[in-house]
Amino acid sequence: MHIPTAKAGQRYDAIVTAQEIKHPSYAALEPVAHALLIELRSLEQPFQIPVVSISVREAMRILGVGQRPVERAFRELEAHGWTEEKRVAGGRRRVVLLKSPCQASNG
């Protein structure tokens, strides 16, 4: 399975639905977590399993913030149900399954 990465440079339209924006879990996110969510969604390949890979260093560069805010944003997204981190042997990249709290709360 090919996992899209930030290094590959391919970006897609990032979609956050109106329903997701109105969800309490979106309102609870800090600005860096909002930006990281959009970046992760832009790496997601349409009609594929929503799994992407990005390193903390790449996220720092793209978002223009330091390591701690990026680490906090990853934790925040997972805590609020937007992502699920998958552990991969070896490597420093984070492999993230993208989710939507709206789908989980609706059934």
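## Two residues in their surroundings

Ile62 has a relative accessibility of 28%, so this residue counts as partly exposed, in a model that is predicted. Its place is in helix α4. In space, the C-alpha atom of Ile62 is 8.3 Å from that of Glu39, although the two residues are 23 residues apart in sequence.

Cys102 belongs to helix α6, which covers residues 101–106. Its relative accessibility is 3%, and because buried means under 20%, Cys102 counts as buried. Along the chain, Cys102 and Ser25 are 77 residues apart, while their C-alpha atoms are separated by 8.8 Å.

## Overall architecture

The protein contains 6 helices and 3 strands. Read from the N terminus, the order of these elements is α-α-α-β-α-α-β-β-α. Of the 107 residues in the protein, 40% are buried.

## Helix α3

Helix α3 comprises the 13 residues 31–43. At 1.5 Å a residue, a helix of this length should span 18 Å, and the end C-alpha atoms of α3 are 19 Å apart, which agrees.

Several kinds of side chain are found among the buried residues of α3. Leu36, Leu37, Leu40 and Leu43 are included, together with Ala33 and Ser42. His34, Glu39 and Arg41 are buried as well.

The structure has 1 aromatic pair. It is formed by Tyr26 and Trp82, whose ring centres are 5.9 Å apart; their planes stand at 70°, and since an angle over 60 degrees counts as edge-to-face, the pair is of that kind. Tyr26 lies in helix α2 (residues 24–27) and Trp82 in the loop between α5 (67–79) and β2 (83–86), so the pair ties together parts that are 56 residues apart in sequence. Both residues of the pair are buried.

A further ring contact involves a charge: the charged end of Arg94 sits over the ring of Phe74, at 4.4 Å from the ring centre.

## The cavity

There is 1 cavity of 30 Å³ or more in the structure. The space in this largest cavity is about 30 Å³. Its lining consists of Phe74, Glu78, Thr83, Glu85, Arg94 and Val96. Two or more of these residues come from each of α5, β2 and β3 (94–98).

By class, the lining of the largest cavity is made up of 3 charged, 2 nonpolar and 1 polar residues. Phe74 and Arg94 both line the cavity, and they are also the partners in the contact between charge and ring.

## The second largest pocket

The volume of the second largest pocket is about 220 Å³. It is lined by 10 residues, of which Ser55, Val56, Arg57, Glu58 and Arg92 are the closest to the centre of the pocket.

Which element gives the largest share of the lining of the second largest pocket? Helix α4 (residues 56–63) does, with 4 residues. Charged residues account for 6 of the lining, alongside 2 polar and 2 nonpolar ones.

Key. Residues numbered from 1 in each chain as written. Predicted model: local features only at pLDDT ≥ 70, side-chain atom pairs only at ≥ 80, totals over all residues. Heavy atoms only, no water. 1 Å grid on protein atoms, 1.4 Å probe; cavity = no way out; pocket = protein on both sides within 12 Å on 5 of 7 lines; lining within 4 Å. Points joined across faces, edges and corners; volume = space filled by probe spheres on them. Nonpolar A, V, L, I, M, F, W, Y, C, P; charged D, E, K, R; others polar. Expected span 1.5 Å × (residues − 1). Buried < 20%, exposed > 50% of the residue type's maximum accessible area, 1.4 Å probe, protein only. Phe/Tyr/Trp six-rings, centres within 6.5 Å; stacked < 30°, edge-to-face > 60°. Lys NZ or Arg CZ within 6 Å of the ring centre and 35° of its normal.
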